[in-house]
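Dear colleague,

I am handing over the structure below, and after it I set out what was found. Please read the notes with the structure open beside them.

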Amino acid sequence: MIEIRDLYKYFGERRALGALSFEIDSGQIVGLLGLNGAGKTTTLRILACDLLPTSGTVLVGGVDVVTHPEVVRSKIGYLPDSPPLYLEMTVREYLEFAGKIRGLKASQVASRVDEVVRLTELSSVQRDRIGTLSHGFRQRVGIAQAIVHRPELVVLDEPISGLDPVQIVEMRELVRSLAGEHTVILSSHILSEISETCDRILVIGDGQIIADGTEAELSARWLSSMRVEVVARHPTGLDIGQFWQSMRAVDGIVEVTPREPHELGENLLTFELSLAKDVREAVIAFLVGKGFGILQLTRSHRDLENVFLQLSVPGRTQVASSAGTAGEGEP
Amino acid sequence: MSRVFILARRDLAAYFRSPLGASIIAAVLLIDGILFYSQALTEKLLSAEVLEQFFYNASGTTMIASIVISMRLLAEERQLGTFTLLNTSPLGDADIVLGKYLSAVLMLGLMTLLTAYMPLLIFVNGKVSVGHIVVGYSGLMLLGAATMAIGLFASSLTSSTVVAGIVGASITGALILQWALARAVDAPLSALLAAMALHHQNFKPFMSGTLDLGCVMYYLMVALFFLVAATKMVEARRWR
């Protein structure tokens, strides 16, 4: 669906991109992950034909964005970081306008807008002026305009920016619902968002792709250890200091880091383990043997965070251990 | 081409979704009305002279209104971020410029049409030729269309409507003042400068009811020149 080869973009003397190369197959949801200024928005703007590249080849559905931009634009729906909304229009008027200028036939406009309004859950506000809507609804209208003409490729720049937690979950579901019918590429610097929404992650740094794969693939390739988070109820009268020491003696455990508990309860311990290899079964067996009741043992989200930091800011790794706060006693 | 009309229709409707359109029309009608009453009706003039005076006054308000309308056409879209919607749709750069221009010219047409009651009042106590009125209004539309193109070009240069307004007014003012410059230099340069003047030599025939094809061509060429320049600016901004 997307083929980018040796793409360069200069703004004056400053190189924003280059050499950037990657390919994306149809139907995938791909996340472009990078720090601010890494080149995410520039890449997406070039894909959306909003910006011309300095050199290189960008093909969308086999069509070149430089030589045939009008053809490419009809295949693409684009939501920039700030949704391009006419605040004086109602949601419905705006979507009809967006559909028409993107080539929807007059006879199809009304039914397609109905469909998109339903999909993006805008029915209740479709007659309201956009200027009166909340930020979350405006983002939804932004997504709706990007898909109203049934594009093959949907390009979303920071779609969850500024949303509250409930809206983030709703937006994630909305983006996931686009999979299959559309190929989706979205950018974010929020790691958990990318890992939960996307099938594949492209890490971009200094205008180049520095890593490419699923979360598991990136972790396996770039991390020398695995991190797991444990919530367990310890037996009454446990010597916590001695427990941390014995825990560190288990084969495969590199580091034990106490954490602030996410939930309150008697004798509850929350801690994170850094493992040299996958010894989760041995950890469980050890804890059960010590009389612990295990409430939760999950792979830490900080894995991806560490990969991201390792790639984007060389020398900055192990966020979890360096930024962690002590819980009950030190290990 | 149909997408040009879709864009023009949206923009035209936008004038009336906000107080902007009504404000501009009201201001033009107020100023034209005051000038018409104070100069044309209170001075002892022949009917044709009253009409000529009306077109002279209206040309000033038309140019000012044209700059006010056109200065926001592209600059405001950039300022609000809505230009991205147009820029990433299958519209070509020329389509965007044409759609915007068409909406502004239609707005100008509506505004100009609403002033028609003033020349019609002359028929109450006097007599003028309908042809004179038609030619005079054609001149106003051509002058306004040329000024709109200048304003649109200025609007393509920046994302600030204020800066666009200043640049548009400066270009328009410089073109108007060519007639003054023409008087200060010798022939043949004086003739060239006088022929380039946006108002004086090129608008006077319309005021007196004379349809001069050379003047019509002049206004069309000015409009075309600045529309092409605006299109090139929109294209150039795709590099930034």
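This is a predicted model: local features need pLDDT of at least 70, side-chain atom pairs count only at pLDDT 80 or more; totals for chains, interfaces and linings use all residues.

Two residues of chain A deserve a look for their backbone angles. Glu121(A), in the loop between α4 (106-119) and α5 (135-147) of chain A, has a positive phi of about 55 degrees although it is not a glycine. Arg150(A), which sits in the loop between α5 and β7 (153-157) of chain A, likewise is a residue other than glycine with a positive phi, near 55 degrees. As for their surroundings, Glu121(A) counts as partly exposed because it has 14 C-beta neighbours inside 10 Å, and Arg150(A), with 17 such neighbours inside 10 Å, also counts as partly exposed.

Turning to chain A as a whole, you will find twelve helices and 14 strands in it, and its C-alpha trace spans about 75 × 45 × 30 Å along its principal axes. Of the 331 residues of chain A, 39% count as buried. Among the contacts in chain A with a separation of 6 or more, 69% are made by residues 24 or more positions apart.

The C-alpha atoms of Val256(A) and Glu229(A) are separated by 9.9 Å, while the two residues are 27 residues apart along the chain.

In chain B, helix α8 runs over residues 130-157, and its 28 residues should span 40 Å at 1.5 Å a residue, which agrees with the 41 Å between its end C-alpha atoms. Of those 28 residues of α8(B), 20 are buried, so the helix is largely enclosed by the rest of the structure.

Also in chain B, Pro205(B) has its place in helix α12 (residues 200-207), and it counts as partly exposed because it has 17 C-beta neighbours inside 10 Å. If its neighbours within four places in sequence are left aside, Pro205(B) is in contact with Thr210(B), Asp212(B) and Cys215(B). For Cys215(B), which is ten residues from Pro205(B) in sequence, the distance in space is 8.1 Å, C-alpha to C-alpha.

Finally, there is the contact between the two chains, to which chain A gives 23 residues and chain B gives 19 residues. On the side of chain A that touches chain B, the elements that give two or more residues are α2 (69-75), β6 (76-79) and α3 (91-101) of chain A, and the largest share, four residues, comes from α3(A). The residues on that side of chain A divide into 13 nonpolar, four polar and six charged.

With best wishes

Notes. Residues are numbered from 1 along each chain as its sequence is written. Chains are lettered from A and ligands numbered from 1 in the order in which they are written. Two residues are in contact if their C-beta atoms, placed from the backbone, lie within 7 Å. Ala, Val, Leu, Ile, Met, Phe, Trp, Tyr, Cys and Pro count as nonpolar, Asp, Glu, Lys and Arg as charged, and the others, Gly among them, as polar. The expected span of a helix is 1.5 Å times one less than its number of residues. A residue is buried if 20 or more other C-beta atoms lie within 10 Å of its own, exposed if 12 or fewer, and partly exposed in between; C-beta atoms are placed from the backbone.
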